[in-house]
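Biologist: Hi, I'm new to this one. Could you put it up and walk me through a few spots?

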Amino acid sequence: MLYGIAAATASFLLAALLTALLRAPALSLALVDRRRRRPVPLSGGVAVALVTALVAGVGDGTGVVPLGSAAGRLLLGASAVGALGLAADLWRLRRRWLVAGTAVAAACVVPYGETGPVAGALAVGWITLVAAAFRGLDHADGMAGTVGVVTAFGVAACAAAELWDGLAVALLALAAALTGLLLHNWHPARTALGACGALFTGFLLAGAAVFTRAGHAPAEGAAVLLALTAPACLDVVLVLLSRRLAGRPVLRAGPDHLAHRLRRLGLTPQGAAVVVGTVSCGAVLTGVLVHTGRAGAPAVWWVAGAAAAAAAGLLRVRVYGPRHGAGAQGRVPGPSRPRPPRGASRVPAEVAEALEGGSSRRAIFPVRQARHTEEAQVSAPLRVRNG
């Protein structure tokens, strides 16, 4: 217990300090998010991954809280996925390579002896899906970090209930490191997780959840896994369904994530992160209660029903067109006059009336009017004198 508190405190301080120190190198290397209006460094994920691996490795190396072979393999796989995400941040790798690399790493860490081959294959797909979902949550300031902190505490509670002390300490270190990141990632964000931190966080959380549920009933295990990662799964469902219904390619990026829809409904960036974090708290608490036997498996149906209702409602939010009430350029149009029919005169009515009367001509056009002599000179044919 004392080492867990010390590990969490050290992770928080180190992550906050290292995140601040890595901003300048990230800017010099152009390791920034180009989808934002201002350049946001993507070095926060590097700090989170390094601090989590360092704290967990010190506990295992000193023998205070040994990780064990399975948890050590999981942490190594998460580090490898984080390195792949860093390469994607630097060189813009294609998504298919990220998905393939994450799936290979997941296939190397799943405990097939406890899950079996079929459930193990499903676990590989689920770990890959959750890792990609956390990368999608990183589109908004503070969203991925908030959900990651809540989920890490929940999975750590499940690991402690299964006497996975080393894994629980590693997850507490991850939660503390993400909290230190939020000091710089809260809106307006000065740094972001990037693919490195998002894939590392999602992979470690999903793999740890699979480890804690290995050996339990498959149906109940799937329900607990769904409750622990409900916001991330909801974001993936929204993105896939909206792109398919709109006829857009699935891998084509767009403003159709959970945070984008909440912003369209009028929430501020901070409000969207708080709402998703609150929903995540309820879902994770349900999963922990079901895992520890304090609640029955049917309690997860409430989480699934709420997620389905939220998905049905958020799918009705228009995300691919301009904002509601805005023009084509994103501005609210003011009152406009009706366009005149084709062929009609475009001279305003008040000007036309003034032109009909000679007395008001000088009042409307304050310039010297042409006299009759000048008009005669202009209208007469021009003669060119030679010689």
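Modeller: Happy to! Let's start with helix α7, whose buried residues are G120, A123, V124, W126, I127, T128, V130, A131, A133, F134, G136 and L137. Buried means under 20% relative accessible area, exposed over 50%, and partly exposed in between (1.4 Å probe, protein chains only). This is a predicted model: local features need pLDDT of at least 70, side-chain atom pairs count only at pLDDT 80 or more, and totals for chains, interfaces and linings use all residues. Residues are numbered from 1 along each chain as its sequence is written, and side-chain values use heavy atoms, leaving out hydrogens and water.

Biologist: What covers the buried residues of α7?

Modeller: The cover includes α5, α6 (112-115), α8 (143-161), α10 (194-213), α11 (218-228) and α12 (230-245). Helices here are DSSP runs (H or I, at least four residues), numbered from the N terminus.

Biologist: Changing topic: is H291 buried or exposed?

Modeller: H291 is buried, because its relative accessible area is 7%. You'll find H291 in helix α14 (residues 269-291).

Biologist: And which side chain does the side chain of H291 make a polar contact with?

Modeller: That of R213, at 2.7 Å. A polar contact is a pair of N or O atoms within 3.5 Å; within protein, one must be able to donate a hydrogen and the other to accept it, and residues adjacent in sequence count only if both atoms are side-chain atoms.

Biologist: What about W97, buried or exposed?

Modeller: W97 counts as exposed because its relative accessibility is 55%. W97 sits in helix α5 (residues 95-109).

Key
Helix = DSSP H or I, 4+ residues; strand = E, 2+ residues; numbered from the N terminus. Contact = heavy atoms within 4.5 Å.
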